[in-house]
Amino acid sequence: MKVLVLGSGVIGVTTAYYLARAGHEVTVIDRQPKPALETSFANAGEVSPGYSSPWAGPGVPVKAVKWLLMKHGPLVIRPKLDPVMWLWLLKMLRNCTTARYAVNKSRMIPIAEYSRDCLQALRSEIGIRYDERARGTLQLFREQAQLDHTGDDIAVLKQYGVPFEVLGREGCIAAEPALAGVKEKFAGGLRLPHDETGDCHMFTQALALEAEKLGVRFNFNVGIDALNADTTRITGVATSAGMMTADAYVLALGSYSPILLRPLGISLPVYPVKGYSITVPIKDASGAPESTVMDESYKVAITRLGDRIRVGGTAEISGYSTKLYAARRATLDHSLTDLFPRGGDLPRATFWCGLRPMTPDGPPVIGATRFANLHLNTGHGTLGWTMACGSGRVLADMLSGKKPEIDTKELSIKRYDHRFG
């Protein structure tokens, strides 16, 4: 088939690559001049199937109040006169129950684990490089109470067969030697040894080159204005370069996907949640992290990416604003300098933000719509990099008439037709 992929972030590019590998004629369009220049550009760098959990969970509403009052809190809400925002927040609150959390997590773990396997296969098959490391993730607890309350998380890890280690101070230092100088600042940690790290932007640009070798065409600097449709099918995409047509269409525009679907009568509950990061040149390698350290108190991830440290965090609900707020950088600076004071050259850091496409329940939305030739691959939230390869692979299988290697039925937009929406 001739397939038009809308969006050249990590989700769009992985989808295009796997579609081309399956023999389809693929074109990708994007408003940016190159791939991965928006939400995929400077994320936290984690490939973390073990941390694939919904944000909506039991106890989150109470925690949210605490986070909003913290100086370096991980949550920021900037109220707007936007009914879509408030409806999304209400739907998220509805999912903050033990039963719904369990269902939603059960939908996220399989695609995340499968995606990591697909990523590892790509490394083996095409030799792609992206400052990758396979040295696990360490969730660091500053307070003993946090360590004492890991029982529920550990139960879930056991349920899904995810390897883990509960570590005291010395165990954390063995995994991350640079923490030896600040050992009085934490009580212990939970380590997931099979998690990986890597530069999502570097990966996406490299995979785009591989996709081009398979015949994929990338049309950049093209604005996407609307999806045109009759009663059953998409008939074309209105763009700044004119009308573009194909046999099938894949919408992979992250937070902007609902905007194109709304005029078609499709309600997709994806809303942007802004995340921030700083990228810091390494000043002293012995004082930098080996992999990813998740500072649990501030929900900040500190990741080694080659000769840089990526520090990512904050969930800011403020619509489609990409304004950079100094207070959000202060949180990232604080977490880095508190745990790795010698590692990074902070004055040379670059500051960035991106809009994570969040669903209110947590899992992404992958698969068909009521329009026979329109397919979705969006709503991955903070886990786009973690889930990208698996999501691209299963969608390519769907369009090719093949049964995906994992069950994706519960990732469909149809799940919002029942009580878990």
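**Rings, cysteines and a cavity**

Ring pairs link Trp88, Tyr256, Tyr271 and Tyr320 into a cluster. Two rings of Phe, Tyr or Trp (its six-membered ring) pair if their centres lie within 6.5 Å. Planes under 30 degrees apart count as stacked, over 60 as edge-to-face, and the rest as tilted. This is a predicted model: local features need pLDDT of at least 70, side-chain atom pairs count only at pLDDT 80 or more, and totals for chains, interfaces and linings use all residues. Residues are numbered from 1 along each chain as its sequence is written, and side-chain values use heavy atoms, with hydrogens and water left out.

By the ring rule, the count comes to nine aromatic pairs. One of them joins Tyr17 and Tyr18. Tyr17 is buried, at 4% relative accessible area. Tyr18 is buried too, with 4%. Buried means under 20% relative accessible area, exposed over 50%, and partly exposed in between (1.4 Å probe, protein chains only).

Now look at Tyr276 and Phe351. Their ring centres are 5.7 Å apart and their planes lie at 20°, so this pair is stacked. The pair links distant parts of the chain, 75 residues apart. Tyr276 sits in strand S14 (residues 271–281), and Phe351 in strand S18 (residues 350–358). Strands (E, at least two residues) are DSSP runs, numbered from the N terminus. Tyr276 is buried at 2%, whereas Phe351 is partly exposed at 22%.

Charges meet rings as well. Arg31 lies over the face of Tyr256, 4.6 Å from the ring centre. Tyr256 also belongs to the cluster above. Arg78 lies over the face of Tyr325, at 3.6 Å from the ring centre. The rule asks for NZ of Lys or CZ of Arg within 6 Å of the ring centre and within 35 degrees of the ring normal.

Next, the cysteines. How many disulfides does the structure hold? It holds zero. A disulfide here is a pair of cysteine sulfur atoms within 2.5 Å. For Cys118, the nearest cysteine sulfur is that of Cys389, 6.6 Å away. Cys118 is buried, with a relative accessible area of 7%. Cys96 counts as buried at 13%.

The lining of the largest cavity includes Trp55, Met108, His380 and Leu383. By class, this lining has five nonpolar, seven polar and no charged residues. Ala, Val, Leu, Ile, Met, Phe, Trp, Tyr, Cys and Pro count as nonpolar, Asp, Glu, Lys and Arg as charged, and the others, Gly among them, as polar. A cavity is a set of points on a 1 Å grid over the protein atoms alone where a 1.4 Å probe fits but cannot get out, and lining residues have an atom within 4 Å of a point.

Technical notes. Helix = DSSP H or I, 4+ residues; strand = E, 2+ residues; numbered from the N terminus. 1 Å grid on protein atoms, 1.4 Å probe; cavity = no way out; pocket = protein on both sides within 12 Å on 5 of 7 lines; lining within 4 Å.
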